[in-house]
Amino acid sequence: MRRLLPYPLLAASLLLLWLLLQESASPAAFVLGAVLAVAGGLVLVALRLPRSGARTLAMRFAPGRLLALAALLRDVAVEVLRSNNAVARIILRLPGARNGRSGFVVVPLDMRDPYGLAALACILTATPGTVWVDYDAARGTMLLHVLDMIDEEQWVRIVKDKWERQLMNLFE
């Protein structure tokens, strides 16, 4: 039974959500919701989520880490707003906009945690003007596309000092 339904609470929640969204508890809606709920649990098994006991959760959500997470989220919000303004100025060719060129930067990363790397990819891709393009696990480098290329070395420092360091404190 554990193989078919590895996450029973998740499956029940998905089924309930499905029925609420369908606004129906008909047999067809129930069967389709059950199939989707079981498939959702099997997808999570395929992702190989780490086992988390009470001790792991306590360490992950320690007060110091929660403050670090709050600071990271604040920094991301500020950067997204700042980048939106900068990209709008470039696109609309407003006064004060830079006449930079776009380009690619190879950034060497010290972080190896897959969840930390995923968070870094989300941050960089959500920030207007930058896109995470590729990651080479063998070399530990990522390829970043930048709309406003100032200096490659400056972008490497921004990624490493501003984002990677904070994420390593949270994930490693």
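1. Let's start with the packing. In this predicted model, the largest nonpolar core has 23 residues, and L109, L120, L124, W132 and M142 are the ones with the most contacts inside it. Five elements each put at least two residues into this core: α4, β1 (101-108), α5 (114-126), β3 (141-149) and α6. There is also another core lying apart from it, with 5 residues, among them L15, L19, A29 and A37. As background, nonpolar side chains tend to be buried together in soluble globular proteins.

2. Leaving out residues up to four places away in sequence, L124 touches T130, V131, W132, M142, L144, V159 and W163. Two of these contacts, W132 and M142, are also on the list of residues with the most contacts inside the core.

3. Now the overall layout. The protein chain has 6 helices and 3 strands, and reading from the N terminus the order is α-α-α-α-β-α-β-β-α. Of its 172 residues, 27% count as buried. If you take the contacts with a separation of 6 or more, 67% of them come from residues 24 or more positions apart. The chain exposes about 11400 Å², with carbon and sulfur atoms supplying 66% of that area.

4. On to the strands. β3 pairs with β1 in the antiparallel sense over 7 bridges, and 6 bridges join β3 to β2, again antiparallel. For landmarks, F104 stands opposite H145 in β3, while W132 stands opposite L144 in β3. Both W132 and L144 are also touched by L124.

5. R139 forms a salt bridge with D136, their closest N and O atoms being 3.2 Å apart. R139 is exposed at 57% relative accessible area, whereas D136 counts as partly exposed at 25%.

6. What about the other charged pairs? The structure holds 6 salt bridges. One of them links E79 and R82, with the closest N and O atoms 2.5 Å apart. The two residues are 3 apart in helix α4 (residues 63-92), so about one helical turn separates them. E79 is buried, with a relative accessible area of 10%, but R82 is partly exposed at 46%. K162 comes in as well: E79, R82 and K162 are linked in a network of salt bridges.

7. The side chains of K160 and E164 meet in a salt bridge, 2.7 Å from N to O. K160 and E164 are 4 residues apart in α6 (residues 152-171), so here too the separation is about one helical turn. E164 counts as buried, at 2% relative accessibility.

8. The mean pLDDT of the protein chain is 87, and 90% of its residues reach 70 or more. Which elements have the lowest and the highest mean pLDDT? Helix α3 (residues 54-60) is the lowest at 54, and strand β2 (residues 130-136) is the highest at 94. Where pLDDT is low, the predicted coordinates should not be read in detail.

Definitions and conventions
Residues are numbered from 1 along each chain as its sequence is written. This is a predicted model: local features need pLDDT of at least 70, side-chain atom pairs count only at pLDDT 80 or more; totals for chains, interfaces and linings use all residues. Side-chain values use heavy atoms; hydrogens and water are left out. pLDDT is the predictor's confidence in each residue, from 0 to 100. A salt bridge is a side-chain nitrogen of Lys or Arg within 4 Å of a carboxyl oxygen of Asp or Glu. Buried means under 20% relative accessible area, exposed over 50%, partly exposed in between (1.4 Å probe, protein chains only). Contact means heavy atoms within 4.5 Å. Accessible areas come from the Shrake-Rupley method with a 1.4 Å probe; for residues, only the protein chains shown count as cover. A nonpolar core is a set of buried Ala, Val, Leu, Ile, Met, Phe, Trp, Tyr and Cys residues joined through side-chain atoms within 4.5 Å. Two strands pair if DSSP finds at least two bridges between them.
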